[in-house]
Amino acid sequence: MNLPVLEDTLRERLAGTLPGLEAQLRFMPTPPRTGWKPGEFPSDARIAAGLLLLYPGSHGPSIPLTVRASGLRRHAGQVSLPGGATDPGETLVQAALREAYEEIGVDPARVRILGELTPVHVLVSGFTLHPIVGITDERPRFALAEHEVEEVIEVSVADLQDASTIRQGTRTREGLAIEYPYFDLMGHQVWGATAMILGEFICLLQSGGDTTRAD
């Protein structure tokens, strides 16, 4: 699917009924954290926005993901969308564009907003993350905020849709074995909230919004 066709498809589907929680739950770690209730958003949660940006990459339409700097207090070394907390008076779109500019140098003026995916509440940080979908006609000239971002991973939509990139892992949390689905992308494990967002995105691209398990 080329970029103009992808843009038209996403505009239409983002304006309709989203795959939502059912698609996200394919990538939910199990058992979930104590106190985390899928699909519920605490009224006192802090609000954050992330930018899922499509652009013409060397292997077709692509999305930039960030590897968070190892010195950060939360989620160090994890892979995420560029994004962060909203500032007072900001809309979700404004916050997503600002954060993408500050973190990886994306020019907000070159981004067309297509819509929003289903938010995800991240219990460990207390944020409800709203994924904003945008598109740009040229590959951005990435400029990394070194104190926040260690690397940009340029992931093609085709790789995201390749079922062979979806794996299962195990890690220990508070002495308990946790099973988690993840995307294996360019040597990085993409899991947790980011994987849930990407899971809904690829489901949205499937004809008919099929939410059949891919793992």
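Rings of Phe, Tyr and Trp (its six-membered ring) count as a pair if their centres lie within 6.5 Å; planes under 30 degrees apart are stacked, over 60 edge-to-face, and the rest tilted. By that rule the structure holds 4 aromatic pairs. One of them is Phe-27 with Phe-183, stacked at 4.8 Å centre to centre and 15° between the planes. This pair links distant parts of the chain, 156 residues apart: Phe-27 is in the loop between helix H2 (21–24) and strand E1 (46–57), and Phe-183 is in strand E10 (residues 176–185). Helices (H or I, at least four residues) and strands (E, at least two) are DSSP runs numbered from the N terminus.

The model is predicted: local features need pLDDT of at least 70, side-chain atom pairs count only at pLDDT 80 or more, and totals for chains, interfaces and linings use all residues. Residues are numbered from 1 along each chain as its sequence is written, and side-chain values use heavy atoms, with hydrogens and water left out.

Both Phe-27 and Phe-183 are buried, where buried means under 20% relative accessible area, exposed over 50% and partly exposed in between (1.4 Å probe, protein chains only). Next, Tyr-180 and Tyr-182: their ring centres are 5.7 Å apart and the planes are at 40°, so this pair is tilted. Tyr-180 is buried at 4% relative accessible area, and Tyr-182 is buried at 10%. Ring pairs join Tyr-180, Tyr-182 and Trp-191 into a cluster.

Last, charges over rings (NZ of Lys or CZ of Arg within 6 Å of the ring centre and within 35 degrees of the ring normal). Arg-171 lies over the face of Trp-191, 4.2 Å from the ring centre. The charged end of Arg-46 sits over the ring of Phe-127, 4.1 Å from its centre.
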